[in-house]
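Here is a short briefing for a reader who is new to this structure. Look over the sequence and the model, then take the points below by topic.

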Amino acid sequence: QQMQGQRAPSQWAVRVRGLPYAATEAAVGEFFTDVNIAPQGVHLAYSGDDRPTGEAYVEVMTKEDMDRALAHTGRMMGKRYIEVFPSSGEDIVRLGGIPSDMF
């Protein structure tokens with residue numbers, strides 16, 4: 001059962017590692033310029049003391065978008081080498097980006 005104003009997570013997602021600590025959700029979206037990202041689909045990860053970890057989860061619209069996102073591994077964001085891995089909505093729930101009752 002969905003809560004008002006929220007959406008179910010996408011079944012396609014990637015985990016991004018190596019982001020600059022100052023990276024914003026918009027900057028992550030620009031990095032994946034050729035990928036269709038779900039609305040509010042960029043979830044930056046923060047440590048327990050609210051510091052950026054340099055990781056993010058990105059929900060994408062289709063399997064093809066996920067494949068395009070994975071092809072970004074090895075590209076640079078500023079001076080940072082970015083790694084992209086397959087992920088899932090369950091990972092985003094663990095991160096706290098989407099309430100677990102969305103499944």
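**Ser87 and its partners**

Beyond its neighbours within four places in sequence, Ser87 contacts Ala13, Val14, Arg15 and Tyr57. Ser87 belongs to strand 6, which covers residues 83–87. Its relative accessible area is 14%, under the 20% limit, so Ser87 counts as buried. This is a predicted model.

**Overall layout**

- The protein chain contains three helices and six strands.
- Read from the N terminus, the order of elements is β-α-β-β-α-β-β-β-α.
- The protein chain has 103 residues, and 38% of them count as buried.
- Take the contacts between residues at least 6 apart in sequence: 67% of them join residues at least 24 apart.

**Confidence**

- The mean pLDDT of the protein chain is 85, and 77% of the residues reach at least 70.
- Helix 2 has the highest confidence, with a mean of 97.
- Helix 3 (residues 89–95) has the lowest, with a mean of 64.
- In residues 99–103 the pLDDT falls below 50.
- That stretch still has 15 contacts in the model beyond near neighbours in sequence.
- Where pLDDT is low, predicted coordinates should not be read in detail.

**The nonpolar core**

- The largest nonpolar core is made of 18 residues.
- Val14, Val16, Leu19, Val28, Phe32, Val58 and Ile82 have the most contacts inside this core.
- Five elements are listed as giving two or more residues to this core: strand 1 (12–17), helix 1 (25–31), strand 2 (37–46), strand 3 (52–60) and helix 2 (63–70).
- Strand 3 supplies the largest share of this core, three residues.
- Val28 is in contact with Leu19, Val42, Leu44, Val58 and Met77, leaving aside neighbours within four places in sequence.
- In soluble globular proteins, nonpolar side chains tend to be buried together.

**Aromatic rings**

- The model has one aromatic pair by the rule used here.
- The pair is Phe31 and Phe32, with ring centres 5.0 Å apart.
- The planes of Phe31 and Phe32 meet at 85 degrees; angles over 60 count as edge-to-face, so this pair is edge-to-face.
- Phe31 has a relative accessible area of 12%, so Phe31 is buried.
- Phe32 is buried too, at 2% relative accessibility.
- Another ring, that of Tyr21, has the charged end of Arg80 over it, 6.0 Å from the ring centre.

**His72**

- His72 lies in the loop between helix 2 and strand 4 (76–77).
- Its relative accessible area is 1%, so His72 counts as buried.
- The side chains of His72 and Asp34 make a polar contact at 2.7 Å.
- Beyond residues up to four places away in sequence, His72 touches Phe31, Phe32, Asp34, Val35, Ile82 and Val84.
- Both Phe31 and Phe32, the members of the aromatic pair, are thus among the residues that His72 touches.

**Glu83**

- Glu83, like Ser87, sits in strand 6.
- Glu83 is partly exposed, with a relative accessible area of 26%.
- Its contacts outside four places in sequence are Arg15, Val16, Arg17 and Thr73.
- Arg15 is in contact with Glu83 and also with Ser87.
- Glu83 and Leu70 are 13 residues apart in sequence, and their C-alpha atoms are 8.3 Å apart in space.

**Positive phi angles**

- Gln40 is a residue other than glycine with a positive phi, near 50 degrees.
- Gln40 is part of strand 2.
- Its relative accessible area is 71%, so Gln40 is exposed.
- Asp50 also has a positive phi and is not glycine; the value is near 65 degrees.
- Asp50 lies in the loop between strand 2 and strand 3.
- Asp50 is exposed, with a relative accessible area of 64%.

Conventions
Residues numbered from 1 in each chain as written. Predicted model: local features only at pLDDT ≥ 70, side-chain atom pairs only at ≥ 80, totals over all residues. Heavy atoms only, no water. Core = buried A, V, L, I, M, F, W, Y, C linked by side-chain atoms within 4.5 Å. Buried < 20%, exposed > 50% of the residue type's maximum accessible area, 1.4 Å probe, protein only. Helix = DSSP H or I, 4+ residues; strand = E, 2+ residues; numbered from the N terminus. Contact = heavy atoms within 4.5 Å. Phe/Tyr/Trp six-rings, centres within 6.5 Å; stacked < 30°, edge-to-face > 60°. Lys NZ or Arg CZ within 6 Å of the ring centre and 35° of its normal. Polar contact = N/O pair within 3.5 Å; in protein donor to acceptor, adjacent residues only side chain to side chain. pLDDT = per-residue confidence, 0-100.
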